[in-house]
Amino acid sequence: MTPRPHQQSVDEALAGLKTSSAGLSGGEAALRLARHGANELVEKKKRTLFSMFLDQFRDFMILVLIAAAVVSGVIGDPEDAVAIAVIVVLNAALGFSQEYRAEKAMAALKKLAAASATVLRGGAAMTIPAAGLVPGDVVILQAGDIVPADVRLIEAVRFTVEEAALTGESVPVEKRTEALADADLAVGDRRNMAYKSTFVTHGRATAAVAATGMKTELGRIAAMLQDEDEVKTPLQKRLAVFGKKIAVAVLAICAVVFIVGVIRGEPTLLMLLTAISLAVAAIPEALPAVITISLALGAQKMVRQNALIRKLPAVETLGSVTYICSDKTGTLTLNKMAVEETWTGGADPLFWRALALSNDARVGADGGIIGDPTEVALFQAARKNGFDKAELELAFPRVAELPFDSERKLMTTFHRWDDGRIVSFTKGAVENVLERSVKVLTPRGEADLDASAVLRESDRIAADGLRALGFAVRFWDALPDDLSPERVETGLVLLGIAGMMDPPRPEAREAVALCKAAGIKPVMITGDHPLTARAIARRIGILEDGDGEKAVMTGRELERLPLGEFEERVEHIRVYARVAPEQKLKIVKALQDRGQFVAMTGDGVNDAPALKRADIGVAMGITGTDVSKEASHMILLDDSFITIVKAVREGRRIFDNIRKFIKYAMTGNSGEIWTIFLAPFLGLPIPLLPIHILWVNLVTDGLPGLALAAEPADSDIMKRPPRHPQESIFAHGLGAHIVWVGLLIGAVSIITQAWSITTGHAHWQTMVFTVLCLSQMGHVMAIRSERESLFTQGLLSNKPILGAVLITFILQLATIYVPFLNPIFKTEPLTLRELAFTLAMSSSVFAAVELEKWVKRRA
């Protein structure tokens, strides 16, 4: 097997790429460009806008609604037909806009690419479009450049690259040129490589192009992004099943109603119109509108809570989430280094002065601190402890320095001391500082150095996931003439150790605890080191004391694990460290294969394929790349993990309200069916005319149903476990409620009909019509909560639904008492006694449902 470029020496890598340090000739570059293609990301063929729009009409529920609209138009009910058509078109427009926006992820990925590159052709430097680079080209890189392709470094001078968007590593990575033996190193560990679209923060380098276009690491992410289809939301899956079941059930019942009516001798045309009207009424055509309004209102509310919804179904999906797979850097952490822990020999003032003075960070024009993240952290720690660099530099000006380099892993600065002497501060890797130290500074002065004790402190700090830096001092009578490291970085006196990390967000621990209380399992997925990942996970509660070694897995372990074995373990793993982009995707897929609903949070380019594949992808609004945002369903405007918890609460509330609408609409529709279906079997005439059925359907499914979208959340909403992903929409007694309350509405209507006929009331049909309508108003008020009484909730806790019920009541009375409406609706004015009887009968449904809730509370 041919070694990878990072495994080869510089000479071997150049030979493998058939190039030299002088680069390619113009002719050879042209031949390779023809062979390998342009250094660009290639998009797959897109769907046309027209086909994208047509796809919105393939949903089964939408097809049922289109059929209902056609039937409504045929039987002379154009208002209902127009209303249904408007709902269908709006639903299609919404779906189309969301799919169109989703296509932009690739465009955002392309924007990351460098526009031009400095390349050596025949030994001469020239600037060319980055798209013209080919494998074997030699490029020149310096601070501020975007790396134009995946490159193998030939020469590197204090060269650091910001790779956070690609690897999740929060600190710029110092690069070197030596070969690395391990073939399976993660991208973030290949220190002799630089990758397309990462950013050079310091130094300069020359490098040979190893891969271009779709063969780069960025290209692999682009390919994964295009290969991943978005999965359907839980609600979409449930409604697809619901739509098919209801269509079959309604058609069967209406056929029976028609056949029974004809057998009993009813006019065939009347029974045909009745059956068709019943079919139209039984289908809850307002459901898509209720869902869209619920999701839109929820999305508006969530924006006020710093969560921007890009795809409306994501609002409800949050309520089904069982796992939140979160990127560490910038999501659970602040994405900036901070000094978390220090150890000193006791000479604290000199230690803090070293942190401030041996430091290249500075205050910018806007008051912010500019510099390498490590130096900024040291600067801030010193200032927090009363040692401001600007003030100290006036008293102790820098007179010389030895810059940091990766060979000796040290940096030394020289300052004029207040007594005229020169002081040098050296900082760097603890082991390297210790090797050059002979004493340690204590409050009583210099003391013998116990190197093993200091190393134990360093190891303890490192075990907490911190990056340890050592600091030492040496005083000089005058600035040495020989400023070589061998001369000045010896005979040092150790001052102490600073332990740094990218710390957790202050609210992260609370957010994790809330997730666990809601039955959601948080998982950390990061490209960072296992020690750091484990430390952060423990601090925020993702890892607990009982979690053993098997709760943490590295990318290398994951790669070697067979898929079947991984899927058996995936539900027990809480932390993944040093993972590659495709592995994040593998984790999401494995959880989904186990029947879980997964939210994936992230901010980097490397997160985009997993964000797209996840049931809900959550991008960071502040630190997130455009690629991650375009691939996501939701964007956190404040980058705060706790905002996800608020969004989950809102998602659960919305699904609860959609279930309430289905409960309400299907119960009312089943009540209408039972009334018409059972009356002939009891020797009674058909109780309702087609116009009555369509009117009840229009006013009851309309405003009151839509007003359910504004219902506040139940008090225990975040103390329940997530809904099971395979759970039926009729679970938790909803189906049983539809049956028994529907039968009750049918019974109340038929009892009203029977009583009216037997007692000689000529207005019996108007009375049944009114009971059927108003009993549904009592029902909608009673089902506002699964358990709480309406009197505990308060009538004014949902003002829209109270207004909708009052308007519906007034409209129903208008059909009875407004003279010109009587012939249209085939109604007659009721006497006061008849109206009182219908109100009493209608109220029985409200009382029965309140009694059901009382039994639930007692149980």
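Modeller: In this predicted model, a residue is buried when its relative accessible area is under 20%, exposed when over 50%, and partly exposed in between.

Biologist: Why is E650 called buried?

Modeller: The relative accessibility of E650 is 3%. The cut-off for buried is under 20%, so E650 counts as buried.

Biologist: What makes E650 and R653 a salt bridge?

Modeller: Their side chains meet at 2.6 Å, N to O. The rule asks for a side-chain nitrogen of Lys or Arg within 4 Å of a carboxyl oxygen of Asp or Glu, so the pair qualifies. Both residues lie in helix 27, three residues apart, about one turn of the helix. R653, at 7% relative accessibility, is buried.

Biologist: How do you know that E786 and K856 form a salt bridge?

Modeller: The closest N and O atoms of E786 and K856 are 3.5 Å apart, and the limit is 4 Å. E786 sits in the loop between helix 31 (764–782) and helix 32 (790–793), while K856 belongs to helix 35, so the pair ties together parts that are 70 residues apart in sequence. E786 has a relative accessible area of 22% and is therefore partly exposed. K856 is also partly exposed, at 28%.

Biologist: Why is helix 14 said to be largely enclosed by the rest of the structure?

Modeller: Helix 14 covers residues 348–357, and seven of its 10 residues are buried, so the helix is largely enclosed. The buried ones are L350, F351, W352, A354, L355, A356 and L357.

Biologist: Which residues touch the most other members of the largest nonpolar core?

Modeller: They are M524 and M634, in a core of 116 residues. Helix 27 (residues 641–678) gives the largest share of this core, 16 residues. Apart from this core lies another, of 36 residues, including Y195 and L558.

Biologist: What does M634 touch?

Modeller: Leaving out residues up to four places away in sequence, the contacts of M634 include M302, L318, I616 and A647.

Biologist: What makes the phi of R158 worth a remark?

Modeller: Phi of R158 is near 45 degrees, a positive value in a residue other than glycine. R158 is found in strand 4 (residues 150–162). At 32% relative accessibility, R158 counts as partly exposed.

Biologist: Where is K826, and what is its phi?

Modeller: K826 is in the loop between helix 34 (822–825) and helix 35 (832–858). Its phi is near 55 degrees, again a positive value in a residue other than glycine.

Biologist: How many cavities of 30 Å³ or more does a search of the whole structure find?

Modeller: The search finds one. About 60 Å³ of space lies in the largest cavity. Its lining has 11 residues, and T167, V187, G188, V579 and A580 lie nearest the centre.

Biologist: How do the residues of that lining divide?

Modeller: Six are nonpolar, four polar and one charged.

Definitions and conventions
Residues numbered from 1 in each chain as written. Predicted model: local features only at pLDDT ≥ 70, side-chain atom pairs only at ≥ 80, totals over all residues. Heavy atoms only, no water. 1 Å grid on protein atoms, 1.4 Å probe; cavity = no way out; pocket = protein on both sides within 12 Å on 5 of 7 lines; lining within 4 Å. Points joined across faces, edges and corners; volume = space filled by probe spheres on them. Nonpolar A, V, L, I, M, F, W, Y, C, P; charged D, E, K, R; others polar. Core = buried A, V, L, I, M, F, W, Y, C linked by side-chain atoms within 4.5 Å. Buried < 20%, exposed > 50% of the residue type's maximum accessible area, 1.4 Å probe, protein only. Helix = DSSP H or I, 4+ residues; strand = E, 2+ residues; numbered from the N terminus. Contact = heavy atoms within 4.5 Å.
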